[in-house]
Structures are given as structure tokens and as C-alpha cells.
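Thanks for coming. I will take a few minutes to walk through one model, starting with the whole chain and then going to some local details.

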Amino acid sequence: MSGLPDYLRRPPRGMRDWLPPQFYALRHMEETLSKVAEAFGYRRVETPVVEHFEVLAKKAGQEVVNEIYYFKDKAGRDLGLRFDMTVPIARVISYNLSLPRPIRWYYFTKVFRYDEPQHGRYREFYQFGIELIGSASPRADAEVLQVFTQALDAVGARSYIVKINDRRVVDKLLERLGVSAYRDVIYRALDKKLKLSREEVIKLMAEGGVSLDTAERIYDIAEEMSIDEAVNVITKLDSGLGSFYNKLLKYLEAAVSLDKFRFDMSIVRGLDYYTGMVFEAFAGEYKLAVGGGGRYDDLLELYSGVKMPALGFAIGVERLMEAVGLEGVEKPLDYYIYIFDDDAYPHAVAIAKRLRSAGYSVVVELGEKNLKEVFEYILKIGTRYLIIIGKKELEKGVVKIRDLQRREEFEKPLSEFYGTT
């Protein structure tokens, strides 16, 4: 038998096909997460999948630039597939500066990264996220964290922890230790703290020019602590930041349990555009972060020339689905109509029309299966009711209905399907 080779019959590396059970699980996530965002007053947006490469590269950081799907179109323009939604939204805002602020937008869409595929890491994947643009208030930070935790709660991620850090806090610490010049080296090393051993992280800092003693001290300081403890540490480093976090703590405590949060200086996030608070969530035993975000007060100015504070988060939908065990959602057919000959076909069509107008899913047999084959088929695809219309049923003016869930059979007058639709 000829046909395409196996590698061409499967999707490109790092991408996946969504068959009905998996796609309906995805739709469930979309509906659940969108409902949370809408409840907080966020409104949905979408942008082109393709962006100008210069827009994507402007504030992505070299590691992310290397992961952009880059190509030239037929006119020779440099383009790329979006790697997140924050940068495209910043571009959209840049020519819609008259929008009333703060702006509350959310999205549930595909993004692309030319990364090495591995567990929990795809080249094409879905993100759900929000962007709160135009507020520097700690209430904005508290709101974003509240939406973040409520989204996780809504999809059933019960045993999760949100790890918070602030790049300004780390910068103050590095300034105190006299190693500000090695900021990028230290950030890159700390970002790998969850993946590498203590010795490997310290080695990365040392290889970048940080003394071994200082590297060890930075690693040890960057341990998890409670939010209350963190406020004390932050206040000692910088009283202004301490005041900000005291307010944030108060606003956060009014909305959610502080038990969900920890302060962890190793959470620095990979994207270069973050300027303040950053955070990531870890659910149960799942090893990878299921989502994260932070404040990016300088990003929008790069595109619009106008200073505009902003923050938000994105959740990796496939990761979250895996973390909560949502592998598939069955969507059974409501009605399957089987007829024995063409004389019953007009009745089958009329019944199907009536049921569909009432919101049910209905399939009419195509005339290629006998009743035994139909039974085997509908049990495989998942069906609630089988309607049978034969010569005897037509003579009696009824249809025979089998409830496949309750294993019951009954008759119903044809006239009930011919009322006003």
C-alpha cells in the first residue's frame, strides 16, 4: 500500500493534532479560564499569528530571539510567529493610545517557539493570559495575582504554590554585594535553579566572573521564604520597595489566602522585559511551571514612546491540563437515527431538524450499515439515544427510541416531532 512516509503523516516536530476528546478538553479549559477573566472585567483580544520580526525582537532577549520562528515573505519582509501575546498587545496599544486606562485584556490563543521539544515544551502551544495596562498601583499587582490564583482554582489545580520575586529586590541585593556588573550572568544562573543542582548553578555564576564565595552566598540567600518574611528582608534592602510590598500584602490578603504564596529570589523569568514583580505557579507534583508573569513597566514605551506601567501573566494551557489530569473530554452524540429504507428518510430528516433546533446533536444514518453495524458504531463513538424508523413504526405512526445509557426502549408518536419549531 502506497502513501506518505510515516514522518509526513505526523505533525511537524514539537506540534500536535487535537482529536475530539483532547480538543473538547481544550475547549473546557478555554471556557473555564475565559469565564474567570470576564468576571474580573477583562475583555478578549486576538492579534495576527505573524508579526514583524523587528517587533518581536525589540525586547525579547537573545535567548527568545533565537527561538522565534523567523522567515521572509514573498516581498522579502522579515516576519516571525509570535512567541507570546504581551509583545503583540504592546504593539496594538502603541497605535491605540486614546483607549481609556487602565486597559484590561485577556486572550486564549496559540503561540510558537522554536525550542527543543521535550516533556511539557512544545513548539506550538496555547496560552491563556491577561494584561492590565496603565496602572502602577500595588492594587493592580494584587488583582493580577488574584485572577491568576482564581484561574488555577477554577480548573481544579488545588495543590499549587505561587512563587513571587521582584527583579528590583534582586538588583538591590546584587548592589549590596558589589556584583551589579554581573547581573545578567546571575539572572541566567538563578533562572536555572529549579533545573540544575546547587553546584551547577554556582558554577554558572563563577564561570561568568562572580567569585565563588559570592556565588554561594547569592544561591543561599535565594531560598524560599514566606511572604511575611520577605517583606522584612525587602524593607531592609530598600524602604520604598518595602512600603510597596506592605501594601501589596494587605491587598492580597483581603482577596486570597497567603498560604498559596512563597517568596523565591530564584524566580527571575526568562524574558528581558520584566521590571518589577515576577511570579510562577507550580501545581502538585508537576515539575514545570504551569504559568507565570510579572510587571513590565518599560515595554510599552519601546513601541509607543509613551511611558505606560503594565503587568500580566500567561498560563501554558497544555501544561496545566497535564498537571490537573485533564487528558480528554468525551462529547457523546445525542441522537442517531436509523432507517430501514428511503420511505422513512423524509421523516428522519424532519425529526433531526426538530431535535437540532432544540439544541441536540443528531446524525442520520447514511444507508451503508445494517442495524447490527450501527449498534457497534454508536457504542464506539458514544451515543445517548438511538431512534429507529421502520415500516412497522411508520404504520403505527411512531418511532422506536432506545436509551443506551439506561438500556430502556420506548415508543414516541411521530406527531410530537412535527410541532412548531
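Helices here are DSSP runs of H or I with at least four residues, strands are runs of E with at least two, and both are numbered from the N terminus. The peptide bond joining R101 and P102 is cis, with omega at about 5°.

Two sentences on the ground rules. This is a predicted model, so to speak of a local feature takes pLDDT of at least 70, side-chain atom pairs count only at pLDDT 80 or more, and totals for chains, interfaces and linings use all residues. Residues are numbered from 1 along each chain as its sequence is written, and side-chain values use heavy atoms, with hydrogens and water left out.

Now the whole protein. The secondary structure comes to 17 helices and 16 strands. The radius of gyration is 28 Å, well over the 22 Å that the globule rule gives for 421 residues, so the protein is more spread out than a compact globule. That radius is taken over C-alpha atoms, and the rule is 2.2 Å times the number of residues to the power 0.38. The C-alpha trace spans about 95 × 55 × 45 Å along its principal axes. Of the 421 residues, 47% count as buried; buried means under 20% relative accessible area, exposed over 50%, and partly exposed in between, with a 1.4 Å probe and protein chains only.

Next, a helix pair. How do α2 and α6 cross? The axes of α2 (residues 20–39) and α6 (residues 138–154) come within 9 Å and cross at roughly 150°. Axes are lines fitted to C-alpha atoms, for helices over the stretch in contact, and angles run from 0 to 180 degrees between N-to-C directions. T32, L33 and V36 of α2 make the contact with V147, Q150, A151 and A154 of α6, where contact means heavy atoms within 4.5 Å. Those residues divide into 5 nonpolar, 2 polar and no charged. Nonpolar covers Ala, Val, Leu, Ile, Met, Phe, Trp, Tyr, Cys and Pro; charged covers Asp, Glu, Lys and Arg; the others, Gly among them, are polar.

Also in α6 is T149. Is T149 buried or exposed? T149 counts as buried because its relative accessibility is 1%. Leaving aside neighbours within four places in sequence, T149 is in contact with Y160, V162, V256, K260 and F261.

On to strands, which pair if DSSP finds at least two bridges between them. Strand β14 (residues 383–389) is mostly covered, with 6 of its 7 residues buried. It is joined to β12 (residues 333–339) by 6 bridges, running parallel, and to β15 (residues 398–403) by 4 bridges, running antiparallel. I388 takes part in both pairings: it is the bridge partner of Y338, and it stands opposite K400 in β15.

R407 is not a glycine, yet its phi is positive at about 60°. At 79% relative accessibility, R407 counts as exposed.

Last, an open sheet of 3 strands, in the order β2-β4-β3 with antiparallel pairing. Its edge strands are β2 (50–52) and β3 (70–72), each pairing on one side only. Between β3 and β4 (residues 78–81) there are 3 bridges, and Y70 has G80 as its bridge partner in β4.
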